[in-house]
Amino acid sequence: MTSGTLFPGRPPASARLLLFRRDRILLNGGEVFWSARTAGPLLGENPQLLPVAEDCFAADLSGADEAESRSLRSLLFSESDSELELLSRASQLVYWRRTHRFCGLCGESTRPGDTDRVLECVACGHQFFPRINPCVIVLVTRGGEILLARSARYRSGFYSCLAGFIEIGETPEQTLAREVREEVGLEVENIRYAQSQSWPFPSQLMLGFLADYRSGEIVPEPGEIEDARWFSVSDLPNIPSSNISVAGKLIEGYVRSQRKHEQ
Ligand SMILES: [Zn+2]
């Protein structure tokens, strides 16, 4: 963050603004960005602007019920990568502000800090920084086969990688081994980091790994995994898009490496 007020009371004339109403993004004539001028009537007298990037701010509005809105999910496929990055960050900051209105220690209100992106208790001064929840996502492989699973929450016929939240005190590698064991009853080895992704639903950091199958038979965890099986890289079910998800990228990257391997 550069010079100037981190949390300005009014948007600078040059600012780009992202406006939210709960978890929905308000559209300005079909566009996600608002200017200080177009947003002015919606912002009211005393807006709380959250700094997203240089000259870009987010605000969580309680009113503005008549404005057209979209969910962030519905924008995943239509916005450019750079706009999605700003939308993702803005959405997470708005969620952080909305869920830290009061101090967890003494119950008083919080307010934005002066110099850092932090919320401070007006009474005891305790600081609350934006919170990220780290997760692992893993593609387990066995030569020309990959392990994919479906949860009951997925669309019909849709499979993806295994994933889970990192618990207190765990390394990502420990989480990965535990999740694979719990969700499908397999042991893995040769765990290696591949790539990561910020995932704003509401505020995850997805750490993508590859792991080799070591032992065991697939036993789906009841209530969690509806089906899990080995798929040949040449015969895959419906999987997440590699454009927007690290799961899709892990799968696509592995499939490509296997094809090269076969040639
Ligand atoms: Zn407090």
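The chat below covers the metal site and then a helix.

A: Heads up, this is a predicted model, where local features need pLDDT of at least 70, side-chain atom pairs count only at pLDDT 80 or more, and totals for chains, interfaces and linings use all residues. Residues are numbered from 1 along each chain as its sequence is written, and side-chain values use heavy atoms, with hydrogens and water left out.

Q: OK, what coordinates the zinc ion?
A: Cys103, Cys106, Cys121 and Cys124, each through SG, at 2.3 to 2.4 Å. Donors here are N, O and S atoms within 2.8 Å of the metal (3.2 Å for Na, K and Ca); water is not among the atoms, so sites may look incomplete.

Q: And the spacing of the donors along the chain, what is it?
A: C-x2-C-x14-C-x2-C. Cys103 is in the loop between helix 3 (81-99) and strand 7 (110-112), while Cys121 is in strand 8 (residues 119-121), so this pair ties together parts 18 residues apart in sequence. Helices (H or I, at least four residues) and strands (E, at least two) are DSSP runs, numbered from the N terminus.

Q: Is Cys103 buried or exposed?
A: Buried, at 5% relative accessibility. Buried means under 20% relative accessible area, exposed over 50%, partly exposed in between (1.4 Å probe, protein chains only).

Q: Switching to helix 1, which residues are buried there?
A: Ala36, Ala39 and Leu43, in residues 36-43. Down the helix 1 axis they fall within an arc of 70 degrees (directions from the axis to the C-beta atoms), so they line one face.

Q: What's exposed on the other side of helix 1?
A: Arg37 and Pro41.
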